[in-house]
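Please look over the model below. My notes follow as numbered points.

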Amino acid sequence: MDWQGGRRGDVEDRRGGGGLIPIAGGGVVLTVLALIGYFVFGIDPSTVMNAGNQLQGQSPTAQQGAATGTCPQGDEACDFSNVIHTSANDTWQSLFDAAGKPYHPSTIVLYSQGTQTGCGLGQSAMGPFYCPADERVYLDLDFFHTMDTELGAKGDFAKAYVIAHEVGHHVQNLLGTSAAIQRQEQGLSESGANALSVKLELQADCYAGVWAKDSNQKQHWIQAGDIDEALGAANAVGDDTLQRKAQGRVVPDSFTHGSAAQRVQWFKTGFTSGDPASCDTFRS
């Protein structure tokens with residue numbers, strides 16, 4: 001991926017600020033975050049739970065905020081994340097403008113180990129995530145190494161897909177889709193709520209494909225093998241792939257993000273069409 005010529009925006013850099021931060025609410029919230037880390041990225045839930053238990057009662061440390069600006073000189077991983085995040089926001093700014101809708105960009109936050117967010121404690125074991133309460137995409141850059149070594153999702157475009165997926169959640173937040181699904185989930189069975197969660201995540205995958213199409217039309221930065229890298233990442237984070245790796249069996253009713261085949265299919269749908277209207281996973 002020939003990303004170096006892409007436009008840079010601002011980055012909120014909280015790295016090196018002193019480590020993890022305790023979170024109000026304790027066990028229940030930590031359990032939820034642990035499950036997010038498990039089902040999205042195959043991380044053992046005890047990683048988050050144990051870290052959280054050790055933190056209860058400690059005083060907050062740094063990483064609660066940082067000045068927003070550019071990446072440090074020579075920090076390629078930061079620079080890459082900045083370019084992709086900026087490009088994704090540029091894509092959606094154009095699409096919202098064309099539809100006559102207001103758009104304001106998300107902010108990307110880089111952190112190490114853990115940081116406080118508008119949604120509670122963020123930890124690196126959770127992988128990248130979006131917090132609708134503060135409209136920020138959170139990323140511990142060590143996750144890129146995890147993608148290479150543990151998930152088998154290699155290459156720049158695989159990493160770009162992950163960031164674009166999180167910006168897709170920002171789009172859902174602005175459109176009110178996320179809030180509508182949360183309301184629908186109330187009162188449903190666990191499997192019913194999971195099914196809606198899957199549709200929401202697959203739509204974010206499709207939105208990542210829309211970004212890939214639009215950004216390449218403007219930047220001409222996709223190179224041979226790049227789309228295969230994105231599809232490889234989508235396959236690697238499929239619920240069935242992660243469950244089979246973690247527990248040796250697949251439990252479809254517990255899926256929260258979709259199977260590998262579904263994630264690949266919806267990214268391809270967005271990329272082929274370049275049209276957000278093609279991403280109506282809720283009618284499929």
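**Disulfides and their surroundings**

1. A search of the whole structure finds three disulfides, a disulfide being a pair of cysteine sulfur atoms within 2.5 Å. Counted along the chain, the bonded cysteines follow the pattern 1-2, 3-4, 5-6. This is a predicted model: local features need pLDDT of at least 70, side-chain atom pairs count only at pLDDT 80 or more, and totals for chains, interfaces and linings use all residues. Residues are numbered from 1 along each chain as its sequence is written, and side-chain values use heavy atoms, without hydrogens and water.

2. Cys71 bonds to Cys78, S to S 2.0 Å. The link is left-handed, with -80° about the S-S bond. Cys78 is buried, at 1% relative accessible area; buried means under 20%, exposed over 50%, partly exposed in between (1.4 Å probe, protein chains only).

3. Cys119 bonds to Cys131, S to S 2.1 Å. This link is right-handed, with 95° about the S-S bond. Cys119 lies in the loop between strand 4 and strand 5, and Cys131 in strand 6 (residues 129–131), twelve residues apart. Helices (H or I, at least four residues) and strands (E, at least two) are DSSP runs, numbered from the N terminus. Cys119 is partly exposed because its relative accessible area is 40%; Cys131 is buried at 0%.

4. Cys206 and Cys279 form a disulfide with sulfur atoms 2.0 Å apart. The S-S torsion is about -75°, so this disulfide is left-handed. Cys206 sits in helix 7 and Cys279 in the segment after helix 10 (260–273), 73 residues apart. Both cysteines, Cys206 and Cys279, are buried.
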